[in-house]
Amino acid sequence: MIKVLISDKVDKTAIEIFEKAGIEVDYNPEITPEELLEVIKNYDGLVVRSRTKVTKEVIERAEKLKVIGRAGAGVDNIDIQAATLKGIIVMNTPGGNTISTAEHTMAMIMAVSRNIPQAHMSLIEGRWDRKKYAGRELYGKTLAVIGLGNVGKVVAQRAKAFGMKIIGYDPYISQELAQSLEIELLSLDEIWPKADYITVHTPLNDQTRNLINYDVLKKCKKGVYIINCARGGIVNEEDLVKAIDEGIVAGA
């Protein structure tokens, strides 16, 4: 019988789908890296989310593994090169959380614009700082979408409903497609000084790691807001703090 290990938390429906197909499933969302190295030799398939790191060592220990499934879009926690060299297929679900991520991005944009966390803390501490936390409207502001894949395009659609102007960057998107989406396609250097808000929707790789850094932030409009619902490493957090302290970034 084919055996699959699910090493991260997933909905019980995922387990039921495997079992209905006659596949034996071991569900161990708390498995440690050391335990994974010990047991991976027993499995034909591995299902992960973002917690499990499928390293070269894990793949080398996998005697029967044929496929690694990522329940999500990003695969930066999987050593794809090592998997490819061993003939193991790596699959992801790029559209599975598109709407949720896009909606969460809009929630973060709204929260940072209206100072929701700060106003909430003020209120539960017994204060009513209505004017202090009034925030600002999204209407008429420019949103820069870095990465116009599944999520980026949906964010752009929703932001337009707020009356925002959308500019974007994606080296894989044509001007014709961008125009059909009513997005002004620009280079990164053109985007930084124009954006009131910057939201990133790219994978984390050598090209995007530390994409938003201090040098970039210095080129941005004073009072810019940074939203990252993609991967943490895309924004250099130490540089972001420095830019916030200097008044370049209004919120993140």
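This is a predicted model: local features need pLDDT of at least 70, side-chain atom pairs count only at pLDDT 80 or more; totals for chains, interfaces and linings use all residues.

Me: Why is Ser 122 called buried?
Reply: Its relative accessible area is 1%. Buried means under 20%, exposed over 50%, partly exposed in between (1.4 Å probe, protein chains only). Ser 122 is therefore buried. It sits in helix 6 (residues 116–124); helices (H or I, at least four residues) and strands (E, at least two) are DSSP runs, numbered from the N terminus.

Me: What does Ser 122 contact, leaving aside neighbours within four places in sequence?
Reply: Arg 127, Asp 129 and Tyr 133. Contact means heavy atoms within 4.5 Å.

Me: What makes a set of residues a nonpolar core?
Reply: The members are buried Ala, Val, Leu, Ile, Met, Phe, Trp, Tyr and Cys residues, joined through side-chain atoms within 4.5 Å. The largest such core here has 25 residues. Ile 146, Trp 192, Ile 198, Leu 217, Ile 226 and Val 249 touch the most other members. Helix 10 (214–218) is among the elements that each supply at least two residues. The largest share, 3 residues, comes from helix 10.

Me: Which residues does Val 249 touch, not counting those up to four places away in sequence?
Reply: Leu 217, Val 224, Ile 226, Leu 240, Ala 243 and Ile 244.

Me: How do you know that strand 10 and strand 11 pair?
Reply: Two strands pair if DSSP finds at least two bridges between them. Strand 10 and strand 11 have 2 bridges, in the parallel sense, so they pair. Tyr 225 has Gly 251 of strand 11 as its bridge partner. The open sheet has 6 strands in the order 8-7-6-9-10-11. Strand 8 (184–185) and strand 11 (249–251) are the edges, each pairing on one side only.

Me: What makes the phi of Asn 115 worth a remark?
Reply: Most residues other than glycine have a negative phi. Asn 115 is not a glycine, yet its phi is positive, about 55 degrees. At 18% relative accessible area, Asn 115 is buried.

Me: Is Glu 182 buried or exposed?
Reply: Exposed, because 58% is over 50%. Glu 182 also has a positive phi, about 60 degrees.

Conventions: Residues are numbered from 1 along each chain as its sequence is written. Side-chain values use heavy atoms; hydrogens and water are left out.
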